[in-house]
Amino acid sequence: MKVWVKKNVGEDQQQWVRIASQISNNDIDFITTLNQENGLWTPNRIHPKNKNGTRDYGFCGLNSQYHSKFIKSEEFKDGRKQLEYCYKVYKGRKTAFYGYGVRKNSINKFELN
């Protein structure tokens, strides 16, 4: 099965792009949304504080106000489980992510391989 890969990046990012591609059945909108949320594809990213004092965490910028139980769980530390959770949230409401609105800006960074 072909999967999306990100051009010109190291294996540290590439592994997560491939997993996200597999989880989402090659949904390029999901892949590019994640890229706009966290362009380095780091599972332990902590975003700057939001205006309301909350923070966003991980691959897809999960907000601490709405996803604190998952963020504090052991599953959050497992990159694959985090991506699965992100995809579940994404499928429920794509527009919950800032990255969804600007996802097209990074489409040229990926290729099906």
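Trainee: What makes up the lining of the largest pocket, by class?

Mentor: In this predicted model, the lining has 7 nonpolar, 4 polar and 3 charged residues. Among the residues nearest the pocket's centre are Y66, A96 and F97; Tyr, Ala and Phe count as nonpolar, so these three belong to that class. G61 also lies nearest the centre, and Gly counts as polar.

Trainee: Which elements give two or more residues to that lining?

Mentor: They are β3 (62–63) and α3. The pocket has a volume of about 290 Å³.

Trainee: Let's turn to the rings. Why is the pair of F70 and Y85 called stacked?

Mentor: Good one! The ring centres are 3.9 Å apart, within the 6.5 Å needed for a pair. The structure holds 8 aromatic pairs.

Trainee: What makes F70 and Y85 a pair that ties together separate parts?

Mentor: F70 lies in helix α3 (residues 64–71) and Y85 in helix α4 (residues 79–92), so the pair links parts that are 15 residues apart in sequence.

Trainee: How do you know whether F70 and Y85 are buried or exposed?

Mentor: Buried means under 20% relative accessible area. F70 has 8%, so F70 is buried. Y85 has 19%, also under the cut-off, so Y85 counts as buried too.

Trainee: Why is the charged end of R103 said to sit over the ring of Y100?

Mentor: The distance to the ring's centre is 3.8 Å, and the limit is 6 Å, together with an angle within 35 degrees of the ring normal. Y100 also belongs to an aromatic cluster with F30, Y87 and Y90.

Methods
Residues numbered from 1 in each chain as written. Predicted model: local features only at pLDDT ≥ 70, side-chain atom pairs only at ≥ 80, totals over all residues. Heavy atoms only, no water. Phe/Tyr/Trp six-rings, centres within 6.5 Å; stacked < 30°, edge-to-face > 60°. Helix = DSSP H or I, 4+ residues; strand = E, 2+ residues; numbered from the N terminus. Buried < 20%, exposed > 50% of the residue type's maximum accessible area, 1.4 Å probe, protein only. 1 Å grid on protein atoms, 1.4 Å probe; cavity = no way out; pocket = protein on both sides within 12 Å on 5 of 7 lines; lining within 4 Å. Points joined across faces, edges and corners; volume = space filled by probe spheres on them.
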